[in-house]
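Q: Hi, I'm new to this one. Could you walk me through it?
A: Happy to, here it comes.

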Amino acid sequence: MSITQTFTPTRPIWCAGCGDFGVKGALEKALDSLHIPRHELLLVTGIGCSGTIQNNVRCFGYHALHGRALPTALGAKLANPGLTVVVLGGDGDGFAIGAGHLVHTLKRNLGITYIVMNNGTYGLTKGQPSPTSATGYRNNVEEELDPILLGLSLPGSTFLARGFSGRPEQLDRLTTAAIEHSRSGKGMAFLEVLSPCVTYNDTYGLWRSRLHDVDEDAHYDPHDRGLAFKATLELREKGRLPVGLLFEAQHASLESLVLSSEQAPPAHQGIDPRDHLEAYYDVMRSFVG
Ligand code: SF4
């Protein structure tokens, strides 16, 4: 296989009508419109129905451990900052077991795009409540997590948006803008997509009836963190779901702060793993005594 070749993608295994089809369509349109060579693109995905998307897109991919997609992406981006790294996963993977990584990756402003397909349930394991499940869903007594409010509370965050699988034009625009943001050295772009699970938690109608499009709201200012937080919180308290570009700011990306211009990143240093086999075996042997 040459460097410009990747594998042949398979067809998605999702249920007919799953919101994740909309995310896949928007992602492929964004990658085409930005003319990103597929061999310079890495998809890192989490565990869950949504995580299987890396089998369906022609590029290099890595299906990470549950909740560990973001630290995997961090390693890849710092090793090869020229890569376009897009992380995709679900709300269970990203907001439960992976929640700590979300906080710290936003805080660090790593130059990647993170797209979370939020359906408010664990679809792969038959519909248990997730961190974003509504109160009352399958006897859930907790308040649902709002990942945009979480992102707004972190001073390092620079791009926060929410789309809906049932609004493809806006989702295409937001996906392209998110990838452009991270590719242009501005840091992390976080895009939450309301992506209903038609089998266990079909929220298409409910969510559509609650949408508030801030892109069409002349009073909404996505460039003021305090005002964006206040407006987003007030909309939530009124039962509305704000969608669109919710926040955008300027802040140095992690890779621009920690990588030295005098030393090539690891991926360009011609490191031969065979030269380090003995050291690797030493570490492995140390674990077994
Ligand atoms: Fe999509 Fe739900 Fe089916 Fe999983 S179970 S593929 S989330 S509709």
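Q: Let's start with C49: how exposed is it?
A: C49 is partly exposed, at a relative accessible area of 30%. Partly exposed lies between buried, under 20% relative accessible area, and exposed, over 50% (1.4 Å probe, protein chains only). This is a predicted model, where local features need pLDDT of at least 70 and side-chain atom pairs pLDDT 80 or more, while totals for chains, interfaces and linings use all residues. Numbering runs from 1 along each chain as its sequence is written, and side-chain values use heavy atoms, without hydrogens and water.

Q: And C18, buried or exposed?
A: C18 counts as buried, with 11% relative accessibility.

Q: Which residues sit around the ligand?
A: Among them are C18, C49, W14, N119 and Y200, where near means a heavy atom within 4 Å.

Q: New topic: which residues of α4 are buried?
A: In helix α4 (residues 99-108), they are L102, T105 and L106. Helices here are DSSP runs (H or I, at least four residues), numbered from the N terminus.

Q: Why are they on the same side?
A: Because they cover an arc of only 100 degrees around the axis, counted from the directions from the helix axis to the C-beta atoms.

Q: What comes just after α4?
A: N109, which takes a positive phi of about 60 degrees.

Notes: Helices (H or I, at least four residues) and strands (E, at least two) are DSSP runs, numbered from the N terminus.
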